[in-house]
Amino acid sequence: MKNSVKFLTSIEDAMQMGMLAIDSIKDQIQDDELKQLATSQHEEYAIMLGKVGEQLVKNGEQIKKSNKVVDGMLTAMTKMRTLVNSSNSSIAEMFVEGSNAGIIEMHKLINEYENKVDSEISRLAYEVISFEQNNIQQMVQYL
């Protein structure tokens with residue numbers, strides 16, 4: 001159960017980070033199609049977060065609130081990058097970088113915990129990988 005909670009909270013952190021990154025940049029996006037993609041991805045992060053929450057409850061835990069310090073740092077960094085360059089290409093690059101970081105984190109989790117957690121829980125990490133790969137494919141047209 002301890003491994004399951006660690007696994008799930010790591011996925012939870014990644015989903016919250018993705019949602020926060022989109023929240024902090026969405027107002028800077030000028031292109032309507034790119035903004036719609038960001039909104040759609042935000043909704044998918046929320047869906048994945050809900051799935052993680054269900055598993056956390058099954059394991060006697062609950063969804064935690066995000067870390068305000070980390071949130072503030074991410075928001076400041078994102079806003080600073082868009083002040084320098086808010087082109088579609090620059091914004092898409094930030095999305096791709098974030099998705100790549102998510103994929104790497106999920107592979108690390110799988111490597112460390114896959115045989116230590118229920119298959120239903122480990123499947124969530126594979127879902128995140130697929131979701132993030134799809135996000136990258138959607139963004140490459142803007143690079």
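**Entry 1: Glu127 and its partner**

I began with Glu127, which counts as partly exposed at 32% relative accessibility. I record here that the model is predicted. I then looked up what the side chain of Glu127 meets, and found a salt bridge with the side chain of Lys51, at 2.7 Å from N to O. This pair links distant parts of the chain, since Glu127 is in helix H5 and Lys51 is in helix H2, 76 residues apart. For Lys51 I noted a relative accessible area of 31%, so Lys51 is partly exposed.

**Entry 2: the other pair**

How many salt bridges does the structure hold? I found two. Besides the pair of Glu127 and Lys51, I noted the side chains of Glu120 and Lys58, which meet at 3.5 Å from N to O. I checked the accessibility of each partner. Glu120 has a relative accessible area of 33% and is partly exposed, whereas Lys58, with 59%, is exposed. As background, I note that side chains of opposite charge can pair when their charged atoms come close.

**Entry 3: helix H5**

Which residues of H5 are buried? I listed Ile121, Ser122, Leu124, Ala125, Val128, Ile129, Phe131, Glu132, Asn135, Ile136 and Met139. Seen down the axis of H5, these buried residues fall within an arc of 165°, so they line one face of the helix. I then looked for what covers them, and the cover includes helix H1 (2-25), helix H2 (32-58) and helix H4 (88-113).

At the start of H5, I noted that a side-chain oxygen of Asp118 reaches to within 3.0 Å of the backbone nitrogen of Glu120. Glu120 is also the residue whose side chain meets that of Lys58 in a salt bridge.

**Entry 4: Lys35**

Finally, I looked up Lys35, which has its place in helix H2. Is Lys35 buried, partly exposed or exposed? Lys35 counts as partly exposed, at 30% relative accessibility. Leaving aside neighbours within four places in sequence, I found Lys35 in contact with Lys26 and Ile29. I also noted the separation between the C-alpha atoms of Lys35 and Ile25, which is 9.5 Å, the two residues being 10 residues apart along the chain.

Terms used. Residues are numbered from 1 along each chain as its sequence is written. This is a predicted model: local features need pLDDT of at least 70, side-chain atom pairs count only at pLDDT 80 or more; totals for chains, interfaces and linings use all residues. Side-chain values use heavy atoms; hydrogens and water are left out. Buried means under 20% relative accessible area, exposed over 50%, partly exposed in between (1.4 Å probe, protein chains only). Helices (H or I, at least four residues) and strands (E, at least two) are DSSP runs, numbered from the N terminus. The arc is that of the directions from the helix axis to the C-beta atoms. Contact means heavy atoms within 4.5 Å. A polar contact is a pair of N or O atoms within 3.5 Å; within protein, one must be able to donate a hydrogen and the other to accept it, and residues adjacent in sequence count only if both atoms are side-chain atoms. A salt bridge is a side-chain nitrogen of Lys or Arg within 4 Å of a carboxyl oxygen of Asp or Glu.
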